[in-house]
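Please read this briefing with the sequence and the model side by side. The notes are grouped by topic.

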Amino acid sequence: SAWKPLLLLLSPPAFSTTCARCAKDRRLRQKRAISERQLTRYFVDQRKVRVVGGQGGDGGHSFHSEPRKVFGGPDGGNGGDGGHVIFKADQQMKSLSSVFRFYQGFHGERGGSKNCYGANGAHMYVRVPVGTLVKEDGEVVADLTQHGEEYIAAYGGAGGKGNRFFLSNENRAPKLFTPGEPGQERVLHLELRTTAHAGLVGFPNAGKSSLLRAISRAKPAVAAYPFTTLNPHVGIVHYQDYEQVAVADIPGLIKGAHQNRGLGMAFLKHIERCRFLLYVVDLSVPQPWVQLQDLKHELEAYEKGLSERPCVVIGNKVDLAQSRINLPLLREQVTERVIALSALTGDNLEELLLHLRELYDTYVKTEQSRGQSPVKW
């Protein structure tokens, strides 16, 4: 019992901030996976925004007076200009959920005495995802497709003039000054269209989400019922030379999607920005080439020429017995290259990754030949 207090002093504490062994207990917890239903609250691809520029500062109204100079004349300075509201494309932003319904620029300050001008109002920057369309009354006024690209949504008002501005030989003591002008006010519609190199296009339950999980680190929801994916997911395919190809998992289409059946219009608009398409068909269904014809018809009906982009046909679920029977029939019916694979077992994924890189390299060379910079991730 006499040694007990000394042992308590020598024994290490239950929790130490310096012990490496105890530091393992303080490792960061992994973020819990968000289900597809919960993701719909965070992924927003449309937003109506009211923007108002900052008001300009009023002009100053004062007269200079000091000893031996009683009638020094007018010295009211001009007011500062109001700040603009500017949309700025940011690659870190993936949704319009963080964009508010109303933004207003900062006001300019009032002009002071001694010919002091008022300070200009600071600009209000609103970060939006890359690929955001800005519309006003149904017309596109801006298309933010590059990181760092800006668009002035609302101009700030001009500052008012002080009475010093109105000094003239005819009016040596002007008392006139003007107030600052109000900022521009607009109601704009923001529409996000996913920007990716390749787009996975197919009917529900064709295996698009499983394929994206197999070739990238994206983790879209996978289940045995249709319309599991409710929002576009973008996965990045990494290559050994550090090139990155972005592949978008477009939610499943149905017949009549171009007539807005289901959520067709909401899904089809995300395909517009894809540089090349990956048609995913289910080889286990009867006549899988009919799926490809229906997909091309929906794309062409939505936008003419959309189905003519560089593409490849992916025959998924080749691990099933019925798929092996339909595979040679599919190759006879279509003219495009057919890559048969299994997203579940990983069979023949290498051929897809190699051909995906070929499509990407062709896209880069085409853009450079036109004098344009290709989209990089």
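In this predicted model, Lys88 lies over the face of Tyr125, at 6.0 Å from the ring centre. A second case of a charge over a ring involves Lys161, whose charged end sits 5.0 Å from the centre of the ring of Phe165. The points below go on to aromatic pairs, helices, strands, loops and cysteines.

**Aromatic pairs**

- A pair of aromatic rings is described by the distance of the centres and the angle of the planes.
- The structure holds three aromatic pairs.
- One of them joins Phe100 and Tyr103, with 6.0 Å from centre to centre and 40 degrees between the planes, and it is tilted.
- Phe100 counts as exposed because its relative accessibility is 56%, and exposed means over 50%.
- Tyr103 has a relative accessible area of 10%, so this residue is buried, the limit being under 20%.
- Tyr360 and Tyr363 form another pair, with ring centres 6.4 Å apart.
- The planes of Tyr360 and Tyr363 are at 50 degrees, so this pair is tilted: stacked pairs are under 30 degrees and edge-to-face pairs over 60.
- Both Tyr360 and Tyr363 are buried.
- Tyr360 and Tyr363 are about one helical turn apart, because they are three residues apart in helix H8.
- An α-helix has 3.6 residues a turn, so residues three or four places apart point the same way.

**Helix H8**

- H8 has 21 residues and reaches 31 Å from its first C-alpha to its last, which is close to the 30 Å expected at 1.5 Å a residue.
- The buried residues of H8 include Leu349, Leu352, His355, Leu356 and Arg357.
- Glu350 belongs to H8, which covers residues 349–369.
- Glu350 has a relative accessible area of 53%, so this residue is exposed, the limit being over 50%.
- Between the C-alpha atoms of Glu350 and Ile215 there are 9.4 Å in space, although the two are 135 residues apart in sequence.
- Gly371 follows H8 and has a positive phi, near 80 degrees.

**Helix H6**

- Helix H6 covers residues 288–302, which is 15 residues.
- The span of H6 from first C-alpha to last is 22 Å, close to the 21 Å expected at 1.5 Å a residue.
- Among the buried residues of H6 are Pro288, Trp289, Leu292, Asp294 and Tyr302.

**Open sheet of three strands**

- The strand order in this open sheet is E4-E2-E7, and the pairing is mixed.
- Strand E4 (124–129) and strand E7 (150–154) are the edge strands, each pairing on one side only.
- Neighbouring strands of the sheet are turned by 30 degrees against each other on average, direction ignored.
- Strand E2 (residues 85–90) and E4 run parallel and are joined by six bridges.
- Val85 stands opposite Met124 in E4.
- In a regular strand the side chains alternate between the two faces of the sheet.

**Partners of strand E1**

- Strand E1 (residues 46–52) pairs with strand E8 (residues 185–192) in the antiparallel sense, over seven bridges.
- Within that pairing, Arg50 has Val187 in E8 as its bridge partner.
- E1 is also joined to strand E3 (residues 102–104) by three bridges, and these two strands run parallel.
- Here the bridge partner of Val52 is Gln104 in E3.

**Positive phi in loops**

- Asp137 is not a glycine, yet has a positive phi of about 55 degrees.
- Asp137 is found in the loop between strand E5 (132–136) and strand E6 (139–144).
- Because its relative accessibility is 73%, and over 50% is exposed, Asp137 counts as exposed.
- Gln287 is not a glycine either, and its phi is positive, about 50 degrees.
- The loop that holds Gln287 lies between strand E12 (276–282) and H6.
- Gln287 is partly exposed, with a relative accessible area of 48%.

**Cysteines**

- A disulfide is a covalent bond between the sulfur atoms of two cysteines.
- The disulfide count is zero, with sulfur atoms within 2.5 Å as the rule.
- Cys274 is buried, with a relative accessible area of 1%.
- Cys311 has a relative accessible area of 18%, so this residue is buried too, the limit being under 20%.

Conventions:
Residues are numbered from 1 along each chain as its sequence is written. This is a predicted model: local features need pLDDT of at least 70, side-chain atom pairs count only at pLDDT 80 or more; totals for chains, interfaces and linings use all residues. Side-chain values use heavy atoms; hydrogens and water are left out. Two strands pair if DSSP finds at least two bridges between them. Helices (H or I, at least four residues) and strands (E, at least two) are DSSP runs, numbered from the N terminus. Axes are lines fitted to C-alpha atoms, for helices over the stretch in contact, and angles run from 0 to 180 degrees between N-to-C directions. Buried means under 20% relative accessible area, exposed over 50%, partly exposed in between (1.4 Å probe, protein chains only). Rings of Phe, Tyr and Trp (its six-membered ring) pair if their centres lie within 6.5 Å; planes under 30 degrees apart count as stacked, over 60 as edge-to-face and the rest as tilted. A charge sits over a ring if NZ of Lys or CZ of Arg is within 6 Å of the ring centre and within 35 degrees of the ring normal. The expected span of a helix is 1.5 Å times one less than its number of residues.
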